[in-house]
Structure formats: structure tokens, C-alpha cells
Amino acid sequence: MKVKKVFIGISLTAVFLLSGCSQQQQKKAEPVLNKTQVVQKAKKSFKSGQVIQSVTLGTDTSNQVVLANTTFGGNSTVYHITNQTTSSGKTQSSEEWVNLNNVYINGQDTWYKADLEKLTGHSYAELTDAIMNNKLISDPSDKLVKVYKMKRNKSTYTLTAKVTDKVLMKKAAEPIFNTTPQSTAQAKIFKQIQKYGKYKYMTVKMVVKNKKLATFNVFVYMKLGKMMTVKVGQSYGNFGSHDFLKVPASATNAKPLPTTKNNKKK
């Protein structure tokens, strides 16, 4: 009898414990968000992260890709950029840091500094506006929010959209075209693409996990003439991973970038 009473006591205790856990789980359950609420969660500003901006020119036989893989962060936002240009199967790469005052370029054995706008055709303010103040994230238009389709997996929400509105596509592509060039020559070419290219469609994908923006991707597709296609992209991730990013001392001690005029004087 004693053994039976002990067994019953243990069983009742287990039931109470299990029911208590069930009640706690019910209390912790988060309400399901609707599409508008998910967009609002994504709007919250991010201090740091990573973004890949790209411009791809393609034909039936070849592709040319200009890509900027950028980590960003810090109190006064700095940018660490790995640039790549790929054409005919060959890739050229360069490394640079950008702050409020200068762009610092890794010359392998020596770091060089230059004025960002004079070198690339875009300013620090334009770079910051394109990356940190992306309107598709911080202030999406009602048209975009309306066409978003949403899927949920527990606390992860995925919004996707296909857009054909030319005004929205132009607004999305312009900051990428303006801040991806690695030289003023590339900047001029990108201006011509914007002028003569025909916008076809745009895809957008946003993932919000645990009430925070996890990833964001946008790609704009264009046609240039009869033979060439253009794909302009921007992909974000790793938010919060570079909050204390700083330009390293090896870069800030850089020499002025030699210019063609200076070389001629020598």
C-alpha cells in the first residue's frame, strides 16, 4: 500500500508539473503578426551589418559584374568595402575603407588615401543614404507593401514581392547605380545605363525573425538595347555584427594617392 501511495503521489506531482509547463508555454506564446506589423518591425533602424551591391551586364555569351561587398558600422558609420570587377572570366579585386573624410585604398604594400567623390563619382553622404537609409526598408511605399506576399514559420516571417511599377524600380535601382562604381569612368557608364535602359521588373524579399530584420534582398531587371540585360542588386544580412567597426591605423596612416598629374611632374 505504501508503494502504491508513493506511486500515486509521484503521478499527481508529474501531472501538476506538466500542466504548469503547459500554462507557461501558453503565456509565452507570441501573437501572430500581420503583414503591416512585420513591415513595421523591419523599419527599426540597424546600426551595422553587411550589404552586397552589384551591377551585372549580360548577353547570350558573356557577363560583366561589378560588385561591392561592404561591412558597415561604428559610431560615425565607416565602410569596409571589397570591390570586384569580373569580365571574360577574369576578376580584379580591391580593398578600401571609407569614413567621413576619405577613402583609404589597399595598395598591397602601402595604403593610399583619396577623396571618395573625386575617385568614384559618389560621396560619403550618397553611400550612407543608399545603405543606411534604404527607403525600401525604412519607408516602403504603400504599393510595395500591398503586393508583398507573406509566409510564416513560427517566429520567422518572409515577405516576397514582384514589382513592375517603373517609378518604384527606378527609385530602388538609382542608389545602387550611384554608389557601386569604383571609378568615375564606371560611374559615367552606369549613368548611360540608367538613361537608356528599360525597366522590366523587380523582386524583393524580406525576412523578419524574432521581431528583427534578418535579411533583405532586392533585384531590378532591365533591358539595354536588343541584346543586353542588366541586373542591379542589393543584399543585406549579418545585422548587428559590426557595431564597433573602425578604420584600422594601418589605413589611416596612408599616403596620398598618386595622380596622373603628379606622375607627369616626376
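Helices (H or I, at least four residues) and strands (E, at least two) are DSSP runs, numbered from the N terminus. On this basis the secondary structure of the protein comes to 10 helices and 12 strands. The model is predicted: local features need pLDDT of at least 70, side-chain atom pairs count only at pLDDT 80 or more, and totals for chains, interfaces and linings use all residues. Residues are numbered from 1 along each chain as its sequence is written, and side-chain values use heavy atoms, with hydrogens and water left out.

Of the 266 residues, 36% count as buried, where buried means under 20% relative accessible area, exposed over 50% and partly exposed in between (1.4 Å probe, protein chains only). The accessible surface of the protein comes to about 16600 Å², and carbon and sulfur atoms hold 54% of that area; such areas come from the Shrake-Rupley method with a 1.4 Å probe, and for residues only the protein chains shown count as cover. A contact means heavy atoms within 4.5 Å. Among contacts with a separation of 6 or more, 58% are between residues 24 or more positions apart.

**Strands 5, 6 and 12**

Two strands pair if DSSP finds at least two bridges between them. Strand 6 takes part in both pairings below.

| Pair | Direction | Bridges | A bridge in the pair |
|---|---|---|---|
| Strand 5 (residues 103–107) and strand 6 (residues 110–114) | antiparallel | 5 bridges | Gly-107 with Thr-110 |
| Strand 6 and strand 12 (residues 255–256) | parallel | 2 bridges | Lys-113 with Pro-256 |

Strand 5 and strand 6 form a hairpin with 2 residues between them, and Gln-108 in the turn has a positive phi of about 70 degrees.

Helix 7 (residues 166–179) has 14 residues and reaches 20 Å from its first C-alpha to its last, close to the 20 Å expected, the expected span being 1.5 Å times one less than the number of residues. Helix 7 bends by about 25 degrees at Ala-173, and Pro-175 follows within four residues; the bend is the angle between axes fitted to the seven residues ending at a residue and the seven starting there. Asp-165 caps the N-terminal end of helix 7, with a side-chain oxygen 3.0 Å from the backbone nitrogen of Val-167. Buried residues of helix 7 include Ala-172, Ala-173, Ile-176 and Thr-179.

Ala-130 lies in helix 4 (residues 124–131). Ala-130 counts as buried because its relative accessible area is 5%. Not counting residues up to four places away in sequence, Ala-130 touches Gln-53, Pro-175, Thr-179, Gln-234 and Tyr-236. Ala-130 and Ala-172 are 42 residues apart in sequence and 9.3 Å apart in space, C-alpha to C-alpha.

Definitions and conventions
Polar contact = N/O pair within 3.5 Å; in protein donor to acceptor, adjacent residues only side chain to side chain.
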